[in-house]
Amino acid sequence: MPTSNDSKPGQNSAQAAEQVASAHKILKELQQKVGNHPELGEAITKLEMALNTLAVKTGGLL
C-alpha cells in the first residue's frame with residue numbers, strides 16, 4: 001500500500017526546483033527594493049547555480 005511519503009522519481013527535484021525558483025524571485029525583488037548589496041548578489045548567484053544544477057540533473061524537465 002503506497003504511503004504519503006512515497007514519491008515518483010524526479011518529484012523531489014521538481015519540488016526543490018520550485019522552492020529554489022521561489023527563493024530566487026523573492027531575493028531579486030528584495031534586491032530591487034534595497035538596491036545592490038554584495039550578500040544579496042551572492043545569494044542570488046548561488047541560487048542560480050543551484051537551479052542550473054537541478055536542470056542538468058533532471059534533463060531540463062523542471
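Helices here are DSSP runs (H or I, at least four residues), numbered from the N terminus. The model is predicted, so I kept to its cut-offs: local features need pLDDT of at least 70, side-chain atom pairs count only at pLDDT 80 or more, and totals for chains, interfaces and linings use all residues. Residues are numbered from 1 along each chain as its sequence is written, and side-chain values use heavy atoms, with hydrogens and water left out.

**Helix α2.** I checked its length: 20 residues should span 28 Å, and the end C-alpha atoms lie 29 Å apart, which agrees. Its buried residues (under 20% relative accessible area, 1.4 Å probe, protein chains only; exposed is over 50%, partly exposed in between) are Leu40, Ile44, Leu47 and Leu54. They fall within an arc of 85° seen down the axis (directions from the axis to the C-beta atoms), so they line one face of the helix. I found Pro38, Met49, Asn52, Val56 and Lys57 exposed on the face turned away.

**His24.** I found this residue in helix α1, residues 11–34. Is His24 buried or exposed? It counts as buried, because its relative accessibility is 17%. Beyond four places in sequence, I listed contacts (heavy atoms within 4.5 Å) from His24 to Ile44, Leu47 and Glu48.

Methods
Helix = DSSP H or I, 4+ residues; strand = E, 2+ residues; numbered from the N terminus. Expected span 1.5 Å × (residues − 1).
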